[in-house]
Amino acid sequence: YGDQKKEVIFHNGVKREIFPDGYTIVHFTNNDIKQTLPDQTIIYYFADAQTTQTTLPNGLHVRIHY
C-alpha cells in the first residue's frame, strides 16, 4: 500500500496487517483478533467467549468479558 502498510493473506484464510509503526493486527477465521502494539502490548479478542485479554510488556494479563 502507499502508506507502507503490508497485508498478508494465508492459505487458511488468516489475514495479517502490518503497519509501518510496528502495529500488527491478525484476523483469524474463527473471528478472533490479535493486535500487537508497537510497545509489544498484545490485545487478543476471543470471539466465541466475547472476551478480550490484554498482555502488557511486563507480563501482566488483564481479561474483560463482555
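Hi everyone, let me start with burial: of the 66 residues in this protein chain, 24% count as buried. Buried here means under 20% relative accessible area, exposed means over 50%, and partly exposed is in between, with a 1.4 Å probe and protein chains only. Before going on, please keep in mind that this is a predicted model, where local features need pLDDT of at least 70, side-chain atom pairs count only at pLDDT 80 or more, and totals for chains, interfaces and linings use all residues. Residues are numbered from 1 along each chain as its sequence is written, and side-chain values use heavy atoms, with hydrogens and water left out.

Now the fold. The secondary structure comes to zero helices and seven strands, so named because helices (H or I, at least four residues) and strands (E, at least two) are taken as DSSP runs, numbered from the N terminus. Along the sequence the pattern reads β-β-β-β-β-β-β. Taken along the principal axes, the C-alpha atoms fill a box of roughly 35 × 25 × 15 Å.

Let's walk to the S7 end. Strand S5 (residues 42-46) and strand S6 (residues 51-55) run antiparallel and are joined by five bridges.

How many of the five residues of S7 are buried? The count is zero, and S7 is hardly covered. Ile-64 is found in S7 and is partly exposed, with a relative accessible area of 44%. Ile-64 also belongs to a nonpolar surface patch of about 460 Å², made together with Leu-56, Leu-60, Val-62 and Tyr-66. Patches are made of residues with over 30% relative accessible area and no salt bridge: like charges are joined within 9 Å, nonpolar side chains (Val, Leu, Ile, Met, Phe, Trp, Tyr) within 5 Å. The accessible areas come from the Shrake-Rupley method with a 1.4 Å probe, and for residues only the protein chains shown count as cover.

On to the charges. A search of the whole structure finds two salt bridges, each being a side-chain nitrogen of Lys or Arg within 4 Å of a carboxyl oxygen of Asp or Glu. Lys-5 meets Glu-17 at 2.7 Å, N to O. Lys-5 lies in the segment before S1 and Glu-17 in strand S2 (residues 15-18), so this pair ties together parts that are twelve residues apart in sequence. Lys-5 also meets Glu-7, at 3.9 Å, N to O. Through shared partners, Lys-5, Glu-7 and Glu-17 join into one network.

If you want one more distance for Lys-5, its C-alpha atom is separated by 9.8 Å from that of Gly-22, 17 residues apart along the chain.

Last, the rings. A search of the whole structure finds three aromatic pairs. Rings of Phe, Tyr and Trp (its six-membered ring) pair if their centres lie within 6.5 Å; planes under 30 degrees apart count as stacked, over 60 as edge-to-face and the rest as tilted. Phe-19 and Tyr-23 form a tilted pair, with 5.3 Å centre to centre and 40° between the planes. Phe-19 is partly exposed, with a relative accessible area of 24%. Ring pairs also link Phe-28, Tyr-44 and Phe-46 into a cluster.

Terms used. Pairing = 2+ DSSP bridges.
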